[in-house]
Amino acid sequence: MKAQKPNAELVCKQFEDALAPRLRLSTTDRAVYYHLLRHSRFEGKSRLHFSTIWLARNLGITVDTVRSALRRLVQHRALRLVQRSKAGHVMDVRLPEEVPGARRSTAQTHAAVPSPHGNLEEIDFMRTPELRQAIHAREGSVCFYCLRHIGPEMHCIDHVIPRAQLGPNSYRNLVSCCRECNSRKGERPAPDFLRALYREGRVTGAELIGALQSLNDLAAGNLRPVFPSV
């Protein structure tokens, strides 16, 4: 699968300054992630087919250590397991800005930039295109529900607690998602829809747990919208 080659220096800064501290990645987790990143995204591929033996040999660590690191990275959603067989693993390797678990760090990075619209807790984020874009920016072009990468022409704003149930237009109740998930979710609460995606095999168990935790972070006000610095 082809992907645009990212700016390696920027990716490394995002990883060290935001993703690794936010997820509390170990030295082994970092080494495994960097190695997979080098052989995927830095070569213009978003998906990588590899074996744990190959990875362990290249890094000079045991296969069991590699497997443990891979499980943690999948749980943190830095990697997405597509297929696992005797022939090896097929993984989608996400850039730091694409990892939903890093949203809180992204928001904190921009926290020094005050909202140009007043008190954040009182803002109606459906009011203007600029405010809606701040929600999309927070999610980093990834659907909050199915974790699919989405372009600006395909994303929607969804209410975690539906409007029919008096869900507000607060940043704590809004997420960016793809059109398909927005349509399918309908008036269901977000946790119910996420569990449905899990039953359909659209997200893994680890991704379901991570998404439910993100909903808790959102409700607690930890996933703040991202406003431009200029």
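Colleague: Which residue in β5 does Asp-158 stand opposite?
Modeller: This is a predicted model, and in it strand β4 (residues 155-159) pairs with strand β5 (residues 174-178) in the antiparallel sense over five bridges. Within β5, the residue opposite Asp-158 is Val-175.

Colleague: How many of the residues of strand β4 are buried?
Modeller: On one side of β4 lie His-155, Ile-157 and His-159, and on the other Cys-156 and Asp-158. Both faces are covered, as these residues are all buried. The strand is therefore largely enclosed by the rest of the structure, and the buried count is five of the five.

Colleague: Where is Leu-166 located, and is it buried or exposed?
Modeller: Leu-166 has a positive phi near 70 degrees, although it is a residue other than glycine. Its place is the loop between β4 and β5. Exposure requires over 50% relative accessible area; because Leu-166 reaches 77%, it counts as exposed.

Colleague: What is the relative accessible area of Leu-147?
Modeller: Leu-147 also has a positive phi, near 70 degrees, and is likewise not a glycine. This residue belongs to the loop between α6 (129-139) and β4. A residue is buried when its value is under 20%, and Leu-147 is buried because its relative accessible area is 4%.

Colleague: How many disulfides does the structure hold?
Modeller: A disulfide requires two cysteine sulfur atoms within 2.5 Å. For Cys-146, the nearest cysteine sulfur belongs to Cys-143 and is 3.7 Å away, and Cys-146 is in no disulfide. For the structure as a whole, the number of disulfides is zero.

Colleague: In β3, which residue is the bridge partner of Leu-81?
Modeller: Strand β2 (residues 79-85) and strand β3 (residues 88-93) form an antiparallel pair over six bridges. A hairpin of two residues joins β2 to β3. Within this pairing, the β3 partner of Leu-81 is Met-91.

Colleague: Which residues have the most contacts inside the largest nonpolar core?
Modeller: The largest nonpolar core has 25 residues. Two or more of them come from each of α1 (8-23), α2 (27-38), β1 (47-50), α3 (52-59), α4 (63-75) and β3. A second, separate core has 21 residues, among them Ile-150, Cys-177, Cys-178 and Phe-193. In the largest core, the residues with the most contacts are Tyr-33, Leu-36, Leu-70 and Leu-79.

Colleague: Leaving aside neighbours within four places in sequence, which residues is Tyr-33 in contact with?
Modeller: Tyr-33 is one of the residues with the most contacts inside the largest nonpolar core. Beyond its neighbours within four places in sequence, the contacts of Tyr-33 are Phe-15, Leu-19, Leu-73, Ala-78, Val-93, Arg-94, Leu-95 and Pro-96.

Colleague: What percentage of the residues of the chain count as buried?
Modeller: The chain has nine helices and five strands. Of its contacts with a separation of 6 or more, 62% link residues 24 or more positions apart. The chain exposes about 11,600 Å², of which carbon and sulfur atoms supply 51%. Of the 230 residues, the buried share is 45%.

Notes: Residues numbered from 1 in each chain as written. Predicted model: local features only at pLDDT ≥ 70, side-chain atom pairs only at ≥ 80, totals over all residues. Heavy atoms only, no water. Pairing = 2+ DSSP bridges. Helix = DSSP H or I, 4+ residues; strand = E, 2+ residues; numbered from the N terminus. Core = buried A, V, L, I, M, F, W, Y, C linked by side-chain atoms within 4.5 Å. Buried < 20%, exposed > 50% of the residue type's maximum accessible area, 1.4 Å probe, protein only. Contact = heavy atoms within 4.5 Å. Areas by Shrake-Rupley, 256 points an atom, 1.4 Å probe, with all protein chains shown as cover.
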